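Hi everyone, thanks for making time. Let me put the structure up, and then I'll walk you through a few spots I'd like you to look at.

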Amino acid sequence: MPARTPAPSRVLVLALLATGSPALAATPAASSAVVTGSVPGAPAASGPRAPGAPTPGAVVQGELAPLKVKPVDGPRLSLQPTHPKPGDPVLVTVSGASALPTGTLAGRPLRFFAWNDGYAALTSLPVEQAEGSVPVDVTASGRGLPVLLSGVLNVGAPGFRERELRVANKYVSPPKAVKARMEADRKAFAAAFAQPFQAPLFGQNFAWPREATVTAPFGDRRSFNGKLQTQHFGVDLDGATGSPVVAANDGTVVLVRDNYASGNTVLLHHGAGLYTAYFHLSRIDVKDGATVKQGDALGRVGSTGRVTGPHLHWGVKADDRWVDGQTLLKLDFTGAPEAPGMATNAPGLGNP
């Protein structure tokens with residue numbers, strides 16, 4: 001009588017046969033799942049077997065090897081500073097994105113650029129910004145669908161001072177003959193600030209243009225001779241005439257000019273919509289269009305233009321707004337801990 005072939009429903013087909021596959025080897029650190037099975041009706045094998053091969057017809061038992069999958073990091077958003085004040089620059093960083101993000105801060109479009117292993121955008125808060133929460137919304141592409149990243153900046157009180165200064169009357173009520181020069185100065189500044197947007201020209205954090213006492217911080221509200229009301233869009237650093245002034249970071253000279261109010265002036269473009277300004281110089285040591293590195297000499301402290309005495313007025317413009325240079329020094333562009341004298345106040349530099 002011919003042997004009856006077992007029905008397919010009675011046969012358990014193992015994906016891994018008796019070959020000593022590591023997937024069926026006992027692994028203490030592996031998952032606790034157990035694979036068992038048998039082939040009914042199979043005759044016992046005779047003769048030598050390969051080392052590690054199970055006996056045919058016996059139960060095959062083992063544990064599944066662990067499946068090692070590297071976690072997929074999605075896009076992440078970080079903001080600096082986390083508690084800004086009106087008139088501060090703001091650095092928005094996105095990591096884990098697969099393409100250039102888009103977004104807004106308080107409804108203002110952000111201009112992102114590739115930076116380190118991710119993307120960044122440098123923007124600013126106006127000096128008129130109200131105290132309270134400011135939304136940040138960024139759309140970034142990960143490995144799947146675009147992701148909406150949302151953050152909030154908690155803006156504090158500005159704390160701007162009120163000051164009254166005395167200057168020559170010609171700077172408060174300039175004569176008609178000077179107004180044409182002032183208009184020419186305005187156009188020269190506008191042209192210098194109209195550089196095409198590009199990636200940063202620097203690779204490190206910003207440093208002070210000179211180590212000195214801050215005699216007037218950013219944001220002071222001023223009246224000149226009790227008449228003219230204005231606001232101080234820079235940081236004044238003390239210094240005797242002839243003291244050296246250096247570049248706060250790598251960049252390109254986009255303006256060298258003797259202006260009516262700011263005197264001998266140098267403007268540097270650093271890319272990413274960021275500029276630094278150096279006013280009231282007694283001497284200028286660079287030429288328009290020159291490329292400079294951080295710490296290169298730009299000129300000397302002076303008292304040219306509308307001033308009450310020799311000092312350096314250091315201005316910072318980010319995303320078309322004048323911002324506080326002292327906050328710029330605290331922004332970490334490198335992803336590394338802050339370095340003394342680079343992203344923090346330099347030794348010996350006091351604050352009023």
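Start with strand β8: G118, A120, L122 and S124 point one way, Y119, A121 and T123 point the other way, and all are buried. By buried I mean under 20% relative accessible area; exposed is over 50%, and partly exposed is in between, with a 1.4 Å probe and protein chains only. Strands here are DSSP runs of E with at least two residues, helices are runs of H or I with at least four, and both are numbered from the N terminus. In general, side chains in a regular strand alternate between the two faces of the sheet.

A quick word on the source: this is a predicted model, where local features need pLDDT of at least 70 and side-chain atom pairs count only at pLDDT 80 or more, while totals for chains, interfaces and linings use all residues. Residues are numbered from 1 along each chain as its sequence is written, and side-chain values use heavy atoms, leaving out hydrogens and water.

So who sits beside β8? Strand β4, residues 89-95, runs antiparallel to β8 and is joined to it by six bridges; two strands pair if DSSP finds at least two bridges between them. Across that pairing, V92 stands opposite A121. Strand β7, residues 113-115, is also antiparallel to β8, over three bridges, with W115 partnered to G118. The β7-β8 hairpin has two residues between its strands, and N116 takes a positive phi near 55°.

Next, the inside. The largest nonpolar core has 38 residues, and F206, L268 and W314 are among those with the most contacts inside it. Such a core is a set of buried Ala, Val, Leu, Ile, Met, Phe, Trp, Tyr and Cys residues joined through side-chain atoms within 4.5 Å. Strand β23 gives the largest share, four residues. There's a second, separate core of 18 residues, and Y119 is one of them.

A salt bridge needs a side-chain nitrogen of Lys or Arg within 4 Å of a carboxyl oxygen of Asp or Glu; for charge, Lys and Arg are positive, Asp and Glu negative, and His and the chain ends aren't counted.

How many salt bridges does the structure hold? Nine. In one of them, D319 meets R108, with the closest N and O atoms 3.0 Å apart. That pair is 211 residues apart.
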